[in-house]
Every structure is written in C-alpha cells, then in structure tokens.
Amino acid sequence: MKARLLAGALSMLLPVVGLAGEYDLTVDRIKIDTGDFVKEGIGYNGKSPGPELRFKEGEEVTINVTNNLDEMTSIHWHGLILPFEQDGVPGISFPGIQPGETFTYNFPVVQAGTYWFHSHSGFQEPDGAFGAIVIEPEGREPFRYDRDYVVQLTDKHPHAGDRIMRNLKTTPDYYNRQQQTVGEFFSEVSEQGFMNTVKDRLAWGDMRMMKADVEDVQGFTGMINGKGPKQNWTGVFKPGERIRLRFINSSAMTYFDVRIPGLDMTVVQADGNNVQPVNVDEFRIGVAETYDVIVRPQDAQAYTIFAESMGRSGFARATLAPEEGMQAPVPPMRDPARLTMADMAGMPGMDHGGMDHSTMSDMDHSSMAGMDSSSMPGMDHGDMMENEGEVSAPFYAKGSGIAPTAANGGKFLSYADLKAQKPLYEDREPTREIELRLTGNMERYTWSINGVKYEDADPIRLQYGERVRFKFVNETMMTHPMHLHGMWSILDVGAGEWNPIKHTVSVQPGTTLYMETEVDAPGQWAFHCHLSYHAAAGMFRKVIVEGGPETSQPSTDAATDLGGDA
Amino acid sequence: MSRIKSLVAAGLLGSVFIPAVVSAQEMPSDTTDRKKPLAIGGAQFEEFEYRYSDDDEELAVWNADIFYGTDDLKVRWLSKGEYAIEEQAYEGLENQLVGQVPISKFFDAKAGVRFDTPEGPDRTYAVLGIAGLAPQWFEVDTNLYVNKQGDTSAELDAEYELLLTNYWILSANLDATVAFSEDREIGIGKGLVSTETGLRLSYDLIDRSVSPYVGVVHERKYGDTADFAEADGGGTEDWFAVIGAKLSF
C-alpha cells in the first residue's frame with residue numbers, strides 16, 4: 001500500500017522533474033540523388049541526411065533505432081555527453097544493432113547547441129547515415145536570432161565507402177586528379193626559373209611525396225542538407241532578420257572553406273559550445289566540426305552559401321533568399337592548394353634540409369606512457385623552410401601551402417579567434433601530458449598513432465578525475481580532425497580559462513597542437529581521426545577511463561566478444 | 001560440515017565469477033572488423049594488349065597481378081603471357097605465386113615460385129624479389145630466380161609515369177634480364193639476356209579501372225642469347241606497335 005502510494009506520487013512528480021521525449025529512427029537503404037549522379041546509400045527514416053533531431057536541454061530522450069539493413073549498424077551521438085553504453089560505437093560502447101533489431105538509446109540531454117549523429121559502423125556514414133541534432137538550451141541564448149537553419153555539408157561520392165577504401169589501399173592516388181603535370185612544370189619554369197623548378201621537383205620526388213596531396217578522395221559532389229549545387233538548397237528569410245546558420249560538416253573526408261558573398265558572419269558557437277562572437281568573412285570547417293554563425297541580410301536579394309573544398313576539388317552551394325527559386329551568382333573555385341615543404345616539416349628525417357630519408361625512425365612507440373615529452377624528430381621545425389608559402393596563420397606550419405585566406409581579402413576565422421563564452425571547467429594545471437604522434441604512410445595508405453595502427457594498439461588508459469594534456473604532433477602531410485568521444489576537448493589557443501571547448505580538433509600538417517581533457521566520464525571511448533578512411537586504416541584508439549563513481553574496474557580480458565563489422 | 005564446504009565453495013565461486021560477469025557486461029572488448037587487419041584483394045592488368053611487329057608478327061600479351069592480403073602480408077599471382085596469334089602458341093607464359101611483406105617504408109620483399117610453361121621445355125624457379133617505389137617516383141621490381149639445376153638469373157623492371165595531364169599519362173618501362181648461367185635448352189645465354197623497353201600513352205577512361213593506350217615496344221636479345229636465337233633461325237630484335245588497356249578491378 002505504502003509502495004503504491006509512493007509510486008503514484010513519483011509518477012505525478014515526473015512530468016515536473018524532467019521532460020521526456022521519444023524518437024524513432026529507421027536505418028534504411030535509400031537512393032541518393034546529388035543532381036550529378038544517383039547512388040545507393042544509407043539513410044534514416046528514408047532519407048539522407050536523416051531527420052533533424054530537436055532536443056531540449058534537460059530532456060530525457062528515448063530513441064528507438066530499427067535496423068532495416070542486412071548488416072550491423074549503430075548510431076553515435078557526435079559531441080553529446082552521455083553514459084558510454086549510449087555512445088554507439090560497436091565493440092567499444094555496445095555490441096551494435098543487428099539486422100532487424102530495434103535498439104533503444106536512453107540518455108539525459110545535459111547540454112545545448114548544434115551537434116550531429118552518424119553511424120559508427122563500416123562506411124555507413126560516408127554512404128549517407130547521418131543527421132543533425134539541435135538542442136535548445138534551458139536558459140536564454142547569449143545572442144538573438146529570428147530563425148535558424150541547419151546547414152549540413154557532405155562530400156557525396158559516386159563510389160561506395162568500401163570501394164573507396166579498397167581503391168585507396170591499392171592505389172593511394174586513385175582519386176587524386178590534381179597532381180602536378182608537365183604543363184604545370186613549364187608554367188612553374190616560366191615563373192621560378194628552370195633550375196628552381198627542377199630542384200623543387202627533385203626534393204619532392206626524393207621524399208616520394210606529392211605537393212598535390214591535400215585531398216585523398218576527390219570526385220565528390222558537395223551537398224548541403226541533401227542537395228547538390230544544381231539542386232540548390234534554399235533557406236528563406238525576411239530582410240532584416242537575424243538568421244542563425246548551424247553549419248555541420250558531415251563529410252567523410254572533406255574540409256570546406258565557407259563564405260556567403262555579401263554577408264558578414266558572426267561566429268557564435270563552435271562544436272556546440274558558445275564562443276565569444278567574432279565577425280568573419282570566411283571560415284574553414286573541419287570534418288565533424290560544427291560552427292554556428294549569425295547573418296543579417298538587409299536586402300531582399302539572394303545570397304549564395306559557397307563552400308569550396310580545402311583542396312578546391314569540389315564545392316557545395318546553397319542559397320539564402322527572400323523566396324524559393326531566387327539565386328545569386330556562384331563564384332568560381334580558386335586554384336588548387338599545394339603543400340609546401342613547411343607542411344612536411346613534421347616528418348621524421350625532414351628536419352635537416354630534407355635529404356635523409358633512409359628510414360622512418362621511431363615507428364613503434366606503442367606504449368602510451370605519455371610522460372615522454374622528449375623531443376621527437378621533426379618537431380617544431382615548421383619555420384625552417386618557408387621559402388615557398390606566402391601565408392602565415394596560427395595553427396598552420398609557418399609557410400604552409402594550405403593556410404587559408406579569405407576570398408575577399410577580409411577576415412578568415414582562425415582557431416586563435418575562438419574563446420569560450422563561458423568556461424565549462426575551472427582552469428587548472430593538467431595532471432599529465434600524453435603525446436600522440438599522428439603518423440602514416442601515404443604510399444601504403446596506412447594511418448596510425450605513434451606509428452601503431454588500431455589493430456595492433458593497446459588502449460589509452462586515463463584515470464577518472466585527472467586533467468590530461470594531449471600533445472598532437474602531426475608527422476604527416478595531411479590535416480587530421482581528431483575526435484575524442486565522451487569528454488570535451490579543451491583546445492589550447494593560449495586563452496587560458498577562455499580556451500574553447502570542442503569535440504573535434506584539426507591538427508594541421510607539420511604542426512603541434514595541444515588540447516586538455518577533464519577526465520570526467522567513466523567507461524571506454526573511441527578516439528580517432530574523423531576522416532573516414534584514415535580511421536578505418538588505423539588512426540584510431542580506444543580510451544579507457546579507469547575509476548570513477550559506480551563502475552567496476554574496466555577489464556579488457558574478461559569481456560564479451562562483440563563481433564561483426566565496425 | 002558439508003554445508004560449510006558448499007558455502008565456502010559458493011563464496012569462492014561468487015567472488016571469482018560475479019565481478020567477471022559484471023565487467024563483461026560493462027566493458028566490451030573490440031572484436032569488430034575495425035580491430036582486425038584490413039584485407040584487400042584485386043586484379044590489375046598493367047598490360048593487356050595486341051602487338052604487331054615490324055616483321056608482321058602478331059602477339060596477344062598480358063601482364064597481370066592478382067592479389068589478396070593485408071598491410072603485413074599479401075599473396076600475389078603474377079601472370080605474364082605472350083601468345084603468337086598466327087602460330088597459336090605461347091612464346092612466353094610465366095606464372096608466379098609469391099608472398100609479399102613490407103621491409104621498409106617504400107619497399108616490399110617477395111618470395112615464391114615461378115612456373116614457365118611456354119611452347120617448348122618448361123621451367124620452375126624459386127623467386128626472391130624486392131619491389132617498391134624508388135626516389136623520384138620510379139616503380140622498381142627486381143627478382144632473382146633459381147631453378148633446380150642451379151641456373152640463376154635476375155630481372156629488373158622499372159617504370160616511370162609522366163603526367164601530361166591528370167588523365168593523359170605517358171609511361172615508360174624497361175625490363176632487363178641477366179643470366180648467371182647458360183640454359184641452352186631454352187635459349188638463354190650467360191650475361192645480359194634481353195631487354196624490353198616500352199612507351200605507352202594512356203587515357204584514364206573509367207576512373208583508374210580502364211585506361212586504353214597505344215604505344216611502341218622494343219625487344220632485343222644480347223650476347224650468347226642472341227647467337228642462340230640466330231642459330232635457331234629466330235630474330236634478335238623486334239619493334240612492336242601496341243594497342244591495349246590498363247585494367248584494374
């Protein structure tokens with residue numbers, strides 16, 4: 001009797017205590033039409049991107065995911081802070097969702113902002129399995145806007161993900177159609193002289209590296225909210241309105257440089273966390289990052305949202321207009337980017353005039369001891385060869401060939417501009433540093449951390465309650481968007497307690513970048529490069545957080561076997 | 001007494017098994033494909049062509065590589081054939097089955113067997129080779145062959161691709177064979193045996209899967225090998241016009 005009374009009282013209290021929402025997602029095989037080609041893909045509730053999930057901070061969400069595929073699937077809630085069993089990584093958080101099975105996710109929403117979700121199985125995400133998450137804050141936003149749109153970018157490729165992986169493993173330059181040609185040689189000769197051009201080619205040929213190696217996977221159609229450039233997704237506005245655009249880069253491999261000719265953009269949020277507003281003309285969005293910007297078009301005209309890929313091999317385009325059907329000019333793409341020797345400066349053996357490439361030394365530091373911050377070969381030599389590049393930007397190697405500039409000569413967003421609106425954690429000294437060298441071999445298409453691929457790697461062990469400083473040393477010639485699941489990445493931009501809080505940090509070639517993590521989430525988590533084919537090739541780790549409230553000690557030996565394809 | 005025993009046993013069992021079960025439920029170990037080496041397979045025809053020689057000989061020629069394996073170990077079936085269309089006979093037919101492992105950043109070692117089964121006597125060799133990418137983008141493939149009689153020979157294959165554009169590619173290759181002992185029966189003399197030099201202009205028609213090409217190929221025999229060929233009534237030098245396609249699946 002007493003128990004029943006208590007239950008009744010509790011059930012009456014529940015609606016007052018918290019919101020609860022239930023959502024249904026089906027994972028389906030679908031057709032994706034980019035306007036350039038139609039391909040088989042994977043979507044949610046019959047489309048890609050899937051439905052926009054709108055949550056409210058404080059809500060207890062229940063999400064039923066039904067797998068209509070003939071293979072295992074999963075959904076990872078990218079950037080959401082939640083119990084690790086809900087994080088959706090097969091083999092790390094849970095066994096995955098088998099064909100025909102309905103899996104129910106259940107977690108409290110403890111944050112606000114723009115995020116996204118995607119499959120963490122195989123190449124389902126490049127094949128289309130992703131969608132947007134928008135979480136309305138409990139309190140007031142620190143900025144005003146009249147309407148908001150999600151602007152979700154992707155790089156839709158005519159080939160299926162597993163085919164792309166196979167082609168890259170077999171022929172690493174399979175998709176690179178921006179390689180230097182005989183024609184480019186002669187135009188360089190006329191600009192820089194014969195000897196300089198020959199010397200340059202010999203230096204690169206000696207390393208067996210390509211200046212054109214900015215984008216591994218070209219030949220895609222850039223899409224915004226499921227529409228290719230010809231299909232032109234359009235967001236309608238009334239002149240004078242403040243529009244919040246929630247940019248999400250759901251690409252498999254592609255960084256985009258985004259601008260809206262004619263409009264200033266005020267960046268107000270990065271990776272779901274509010275930042276101190278900064279006005280920019282253009283910004284680069286890394287794979288898996290999000291940026292929220294506010295624009296205020298005054299005139300009753302159309303504006304083009306133009307997103308060129310970092311290597312200029314493709315673009316996405318959309319329109320903001322007072323009414324459907326209007327459009328503004330679409331600018332031409334700029335010239336393809338070329339790497340410089342500065343971008344190579346992180347490679348071991350590249351630090352003495354680039355002449356000693358006999359072996360890749362130190363390729364097997366499998367231990368994550370972390371306290372070893374002794375100087376690694378090739379570090380911090382970014383300023384040694386600056387003869388080639390003209391641009392210098394923070395977070396890029398000095399003289400880098402891929403440091404961005406705004407098309408209109410104005411302000412290009414830098415990580416250095418990002419300052420947290422409100423620090424999430426008390427600023428404190430890190431308890432230890434862990435060095436992670438980002439390593440790889442383009443000619444074999446192997447990607448690894450500290451020279452060790454995921455298949456051969458031990459987990460990274462963190463202690464609950466510590467604050468770890470991660471030191472990323474990029475020894476490759478590619479940009480890697482590193483994503484730690486479950487815990488925030490406090491990016492060190494030199495702003496102390498105002499350092500921005502992110503879930504994905506881009507580490508540029510030939511550079512060293514630091515982030516700190518408050519280890520406040522027990523369990524085990526994925527930590528990887530978010531370029532789909534780099535992660536699959538081995539640039540991936542499992543992180544185990546030991547200790548913490550109400551958990552048994554993590555054990556990797558006595559564990560259930562979770563098979564299937566991840 | 002027996003009751004105490006069983007209690008103790010239960011207690012022991014519990015203390016051993018329960019924590020294991022709990023952690024098993026909470027901390028999965030990753031046995032997904034992501035944690036396993038990625039195995040890749042494919043078939044590539046570097047040459048798949050028709051050759052027409054300066055003395056009206058017609059040949060069908062292929063040079064194929066069918067492979068399967070991981071970063072650490074690949075198995076390759078390397079097949080080369082020269083089929084004389086008029087004579088309906090294989091001038092050359094060579095199949096290798098090799099295992100391949102990486103030995104440095106850019107080079108792999110190969111070991112296996114080679115079976116030569118052309119028109120005429122057959123040969124079986126053990127193969128030891130090194131293949132990879134040399135500085136300045138030269139693809140090189142060197143092999144050492146030894147047969148049961150102890151006849152040894154070496155072969156060097158080098159290729160360079162010049163990008164006229166990103167789709168029009170001019171590739172040059174040189175294949176040279178040196179024998180360290182004579183094998184008269186199959187017309188091999190000691191010393192430099194033969195070279196094959198080719199120049200092919202290709203166009204990537206469908207991705208890098210189908211790339212039709214035209215080109216010229218020059219074959220020459222040297223030293224004792226040339227003398228043997230002449231004694232057997234054959235030529236020592238041939239020029240071919242070739243048309244074909246590079247294929248990759």
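Modeller: A residue is called buried when its relative accessible area is under 20%, exposed when that value is over 50%, and partly exposed in between, with a 1.4 Å probe and protein chains only. The model is a predicted one, in which local features need pLDDT of at least 70 and side-chain atom pairs count only at pLDDT 80 or more, while totals for chains, interfaces and linings use all residues. Residues are numbered from 1 along each chain as its sequence is written, chains are lettered from A and ligands numbered from 1 in the order in which they are written, and side-chain values use heavy atoms, leaving out hydrogens and water.

To begin with the pairs themselves, a salt bridge here is a side-chain nitrogen of Lys or Arg within 4 Å of a carboxyl oxygen of Asp or Glu, and over all chains the count by this rule comes to 62. One of them joins A:Arg437 to A:Glu475, with 3.2 Å between the closest N and O atoms. Because A:Arg437 lies in strand β20 (residues 432–441) of chain A and A:Glu475 in the loop between β23 and β24 (480–484) of chain A, this pair ties together parts that are 38 residues apart in sequence. Helices (H or I, at least four residues) and strands (E, at least two) are DSSP runs, numbered from the N terminus. A:Arg437 and A:Glu475 are both buried.

A second pair brings us to β23 itself. The side chains of A:Arg467 and A:Glu516 meet in a salt bridge with an N to O distance of 2.7 Å. A:Arg467 lies in strand β23 of chain A and A:Glu516 in strand β28 (residues 512–518) of chain A, so parts that are 49 residues apart in sequence are tied together by the pair. Here too both A:Arg467 and A:Glu516 are buried. They also belong to a network of salt bridges that links A:Asp427, A:Arg428, A:Glu433, A:Arg467, A:Arg469, A:Asp492, A:Glu516 and A:Glu518.

Strand β23 (residues 467–474) of chain A also holds A:Val468, which is buried, with a relative accessible area of 0%. If contact is taken as heavy atoms within 4.5 Å, and residues up to four places away in sequence are not counted, A:Val468 touches A:Thr431, A:Arg432, A:Ile434, A:Leu462, A:Met515, A:Glu516, A:Thr517 and A:Val519. From C-alpha to C-alpha, A:Val468 and A:Val519 are 7.2 Å apart in space, although 51 residues separate them in sequence.

Chain A has five helices and 31 strands, and among its contacts with a separation of 6 or more, 76% are between residues 24 or more positions apart. In helix α2 (residues 161–170) of chain A, the buried residues are A:Gly161, A:Ile164, A:Met165, A:Asn167, A:Leu168 and A:Lys169. Their cover includes β21 (446–449) and α5 (532–537) of chain A together with β2 of chain B.

B:Glu46 forms a salt bridge with B:Lys246, the closest N and O atoms being 3.8 Å apart. Since B:Glu46 lies in strand β2 of chain B and B:Lys246 in strand β13 (residues 237–248) of chain B, the pair ties together parts that are 200 residues apart in sequence. B:Glu46 is partly exposed, with a relative accessible area of 32%.

The loop between β2 (40–53) and β3 (58–69) of chain B holds B:Asp55, which is exposed, with a relative accessible area of 52%. For chain B as a whole, the secondary structure comes to two helices and 13 strands, and buried residues make up 41% of its 249 residues. Of the contacts in chain B between residues at least 6 apart in sequence, 43% join residues at least 24 apart.
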